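I have my notebook open and a structure to explore. Come and look through it with me.

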Amino acid sequence: MRRYGKNPDEDDIRVRPNRKGNRPRTHIRPKHEDAAEGMVLTVDRGRLTVLVEDRVVMAMKARELGRKAAVVGDRVAVVGDLSGKKDTLARIVRIAERTSVLRRTADDDDPYERVVVANADQLAIVTALADPEPRPRLIDRCVVAAYDGGLEPVLVLTKSDLASADKLLETYATLDIPYVVTSREEFTDGAELARVHELLDGKVTAFVGHSGVGKTTLVNALVPEERRRTTGHVNAVTGRGRHTTTSALALPLAGADGWVIDTPGVRSFGLNHVDPSRVILAFPDLEPGTADCPRGCSHDEKDCALDAWVADGHADPARLYSLRRLLATRERREED
């Protein structure tokens with residue numbers, strides 16, 4: 001049996017071509033200096049819709065981005081066919097640094113966090129006052145996730161014609177969270193919708209809430225030309241609604257300068273990823289008092305310096321109670 005080296009001199013030797021291409025591979029990647037800037041509107045099984053100027057372009061992630069994934073709200077650089085025509089495809093070659101992230105884990109025991117939305121200014125927590133009953137622990141978790149990710153929480157309370165909002169609002173009074181209360185009857189005449197518009201104007205707002213609270217109905221009213229396919233109903237036995245939004249979607253706010261990001265209805269909101277040291281930053285009256293806390297302080301233990309800080313009159317005791325209530329949600333289930 002004859003063996004041949006890399007450079008056989010026999011004319012009858014057949015050299016197989018490189019199946020991956022005959023040119024040597026290089027680690028030098030193009031800079032794509034002519035890439036267009038865009039915003040990710042949806043993500044669906046590896047395909048992303050991106051708004052580039054006034055066109056919606058279908059794109060996929062470039063291989064050089066590796067495992068880094070783009071999510072709704074990301075600002076990206078796009079190359080390729082940017083015409084937006086049917087059956088065309090562009091490539092996302094860069095993802096800009098994020099100003100905020102809304103993250104969640106499947107549950108409190110899940111070590112893997114998932115980024116739901118990027119670069120949002122606000123998190124609108126939609127909660128029905130009745131049918132289904134409000135779940136304060138889930139609201140607390142959403143507030144913590146907002147503070148942790150750099151978003152401002154906003155409460156949107158629906159169905160006030162069925163129950164009063166006073167008790168629930170009292171729970172969050174010390175947090176100074178902006179809120180709007182709506183009813184099913186008055187919402188249709190435009191007065192309450194105008195108040196919601198005022199909270200959202202000029203900002204990117206992600207909407208979150210469990211099924212049946214009226215989140216998708218609210219989004220339909222805010223973005224009428226982009227109505228979602230269907231709205232859900234509440235199960236009379238379980239008090240839970242049917243999921244009507246299956247993936248996050250960014251929509252331009254009608255009649256105003258802003259964006260609405262509708263997210264799927266949630267039944268749980270895991271906070272395994274949350275660092276208490278980031279949540280405290282949302283309490284500027286309490287944060288300086290942590291300077292004397294022991295390393296790794298959970299802010300709810302015997303040696304926490306916040307107790308002395310409040311006792312000295314630097315902050316309202318109710319604010320410390322609210323902080324500790326929010327941090328304690330990391331150890332409790334939403335149904336508690």
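**Ground rules.** I am working with a predicted model, where local features need pLDDT of at least 70, side-chain atom pairs count only at pLDDT 80 or more, and totals for chains, interfaces and linings use all residues. Residues are numbered from 1 along each chain as its sequence is written, and side-chain values use heavy atoms, with hydrogens and water left out.

**Strands.** I took helices (H or I, at least four residues) and strands (E, at least two) as DSSP runs, numbered from the N terminus. Two strands pair if DSSP finds at least two bridges between them. I looked up E1 (residues 36–44) and found 5 bridges to E2 (residues 47–52), running antiparallel. Val-40 has Val-50 as its bridge partner in E2. The two strands E1 and E2 make a hairpin with 2 residues between them, and Arg-45 in the turn has a positive phi of about 50°. E1 also pairs with E4 (residues 75–80), antiparallel over 4 bridges. There, Met-39 is bridged to Arg-75.

**Leu-89.** I found Leu-89 in the loop between E4 and E5 (90–95). Is Leu-89 buried, exposed or partly exposed? Its relative accessible area is 32%, so Leu-89 is partly exposed; buried means under 20%, exposed over 50%, and partly exposed in between (1.4 Å probe, protein chains only).

**Gly-190.** I found Gly-190 in the loop between H3 (184–187) and H4 (191–200). Gly-190 counts as partly exposed because its relative accessibility is 29%. From Gly-190 to Ala-221 I noted 31 residues in sequence and 9.5 Å in space, C-alpha to C-alpha.
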